[in-house]
Amino acid sequence: MSKLNSALILLAAAALLALKLRASDIPLPEPPNDASLIAAPDAASADRLAWWNAARFGMFIHWGLYSQWGCHYPGTNGELLNGGSEHMMQHLKIPLRQYAKIADVFDPTNFNAGEWVAIAKNAGMKYLVITAKHHDGFAMFNSPGDDYNIVKRTPWHRDPVRELAEACRKQDLKFGVYYSLGRDWADPDVPTRNGYRSNTWDYPDESKKIFASYFERKVKPQITGLLTQYGPIAVLWFDTPEEISKAESLELVELIHKLQPDCIINSRVGNGLGDYGVQEQQIPGAAGVKSWETCMTLNGHWGYFLGDEKWKPASSVIHNLVDIASKGGNYLLNVGPTGQGEIPQRAVDDLRQIGTWMKANGQSIYGTTASLLKVQPQWGRVTENGETIYLHVFNWPVDGKLIVPDIETNQATLTAHLLEERDGKELKLDHNAENGIVVIDLPAKPLDPIDTVVVLTH
Ligand code: GLC
C-alpha cells in the first residue's frame, strides 16, 4: 500500500472517530490492546463493574523479590548487575536456586500496610491491586500448596496481602491482586510460544512442559487461597495468559465466581473472557463500548528500579486521569516499593499533590462517563455526569473566552460556574443554539494551572 493510501485510511479512521461519539448507528471503534478481545459484558458483569466504573482511579503495586536491590542483582565480584526490570530473573538468566536466595535476605521491616493504603486514599484512589505472584513465581502471600512464598521463605514471615486487605477494609478502599498466569519461572511446567518467556535456563526442554499440570498444581490452589483467605477480593488482575486454553480460562472464571461472585476479572484471564479490557502504558484515542483500564508506571518501571528518577509530574498524571475519564476508562497508576517496604518518597510527594487536586475536583472524575462532545477541545477534556458537564481547562485561553463546541441543550437554562468556587458565582455565558457553540467568559487567571474545572449545568 502506498504511503498516501495509508495516510488516507488513517485520516478516514480519524474522521470516523471524531464523528462517532453521538452517532449510535456507527459501530464504535475498539480501543487498541486487549480491550478489544473481551466479549460484550453480560448483566452480571455490568453489576460487578458498577463500583469500579465510578471509581476511575486506583493504585497498582509491583512488589517482589526483584525489589530487593531495585531490579539489580549482585554479580560474582559483588558488583550490582542491571536486571532491566522486574523480569530480572529472566534477563540475567538467574538459576532458580540462586534467585530463591534473595528471599533469605528479604526483610522489609519498614512495611506498613496502613501507610501504603493511606497514601493511595489521600491521592484520591479508590482501589488497590498488588502483585500476589509475578513472573518469577514467588508468592507474596501465604500460598497454600506452594512453600515458595514470602511467609514461609523470608526472615520477615509476614503476609502483606493479608495486611493490605485488612488496611483497605479499614480505610474503605477496594482490594485486588495481580497474578501472572502464563509465566512462572519457578515452575517446570510453564511453556510459552517458542519459549520466549519461559524459564529455559533451569528447564530447557519446552516440549516436556505441560501447562495443565502447573494449572492444577499451582494456579488453582493459589487462586483459591487468594479468594478464601483474605475476605473480599474486588479485582483479580491477571497478566500474560500465554498458553492457557479456552477451557482453562473458563474454568478459572467459574472457580473465581463460585468463590466470590462479585470479583471483577480483567481480560488477561485469556481467551476473550473477563469483565474489562486492559491498556498498558497508553491511553486510547477515543472511548470504547466496553469497560477498560489503562495501567501505567509513575516513573519508567513497574518494580522499584535503582536510579530511575524519571517521575511523571503530578500535572501529567492529572491530565492522564482526566483524559482517561473523558473516554470512560479507569487509571491504575503503579508504584514500586523498595525491598525495605517503602514507597519511594518522590512517588509519595507526587501522589500527595494529585490528592490535593482530587480533593477539590474529584466530583468531576468519580462517577462520570465519557464525554459526548464530537470533538476533543484543544484547551482540555470534558467529563459528564448525567446533565452536568465538567469542562477541564488545561490550557487557559489568553483572551478569557472558553469555546465549547456542540452543546445540544436548552440555551435558556444553561449556567456555568467554577467547580472550586463555593459561592457558585455564575460565569457569563453565550450559547448559540444554531451551531451549539457555548462561549464562557473566564476570569483572568485559572484557579489551578494544571486543570481548572468549569461546571456546566441547567
Ligand atoms: C508489563 C511488564 C510486567 C508488568 C505489566 C503490568 O507487561 O512486563 O512486568 O507486570 O506490564 O501490566
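Me: At what angle do helix 7 and helix 9 pack?

Reply: Two packed helices are described by the angle between their axes and the distance between the axes. In this predicted model, helix 7 (residues 113–122) and helix 9 (residues 160–171) pack at an angle of about 50°. Their axes are 8 Å apart. That angle makes helix 7 oblique to helix 9.

Me: Is the crossing of helix 7 and helix 9 left-handed or right-handed?

Reply: The crossing of helix 7 and helix 9 is right-handed.

Me: How should I read helix 12 and helix 13, and how far apart are their axes?

Reply: Take the angle and the distance again. Helix 12 covers residues 314–326 and helix 13 covers residues 345–361. Their axes lie 9 Å apart, and the packing angle is about 50°. Helix 12 and helix 13 are therefore oblique to each other. Their crossing is right-handed.

Me: At roughly what angle do the axes of helix 10 and helix 11 cross?

Reply: The axes of helix 10 (residues 211–229) and helix 11 (residues 246–259) cross at roughly 20° and come within 10 Å. Angles under 35 degrees count as roughly parallel, so helix 10 is roughly parallel to helix 11. The crossing of this pair, helix 10 and helix 11, is right-handed.

Me: How far is a polar side-chain atom of H134 from an oxygen atom of the ligand?

Reply: For a polar contact, look at pairs of N or O atoms and at the distance between them; the cut-off is 3.5 Å. A polar side-chain atom of H134 lies 2.8 Å from an oxygen atom of the ligand. For D239, a polar side-chain atom is 3.4 Å from a ligand oxygen atom. In W302, an N or O atom of the side chain lies 3.3 Å from an oxygen atom of the ligand.

Me: What percentage of the area that the ligand exposes when taken alone does the protein bury?

Reply: Compare the ligand taken alone with the ligand in place. Alone, the ligand exposes 310 Å². The protein buries 87% of that area.

Definitions and conventions: Residues are numbered from 1 along each chain as its sequence is written. This is a predicted model: local features need pLDDT of at least 70, side-chain atom pairs count only at pLDDT 80 or more; totals for chains, interfaces and linings use all residues. Side-chain values use heavy atoms; hydrogens and water are left out. A polar contact is a pair of N or O atoms within 3.5 Å; within protein, one must be able to donate a hydrogen and the other to accept it, and residues adjacent in sequence count only if both atoms are side-chain atoms. Accessible areas come from the Shrake-Rupley method with a 1.4 Å probe; for residues, only the protein chains shown count as cover. Axes are lines fitted to C-alpha atoms, for helices over the stretch in contact, and angles run from 0 to 180 degrees between N-to-C directions. Helices (H or I, at least four residues) and strands (E, at least two) are DSSP runs, numbered from the N terminus. Angles under 35 degrees count as roughly parallel, over 145 as roughly antiparallel, 65 to 115 as roughly perpendicular and the rest as oblique. A crossing is left-handed if the near helix is turned anticlockwise from the far one by less than a right angle, and right-handed if clockwise.
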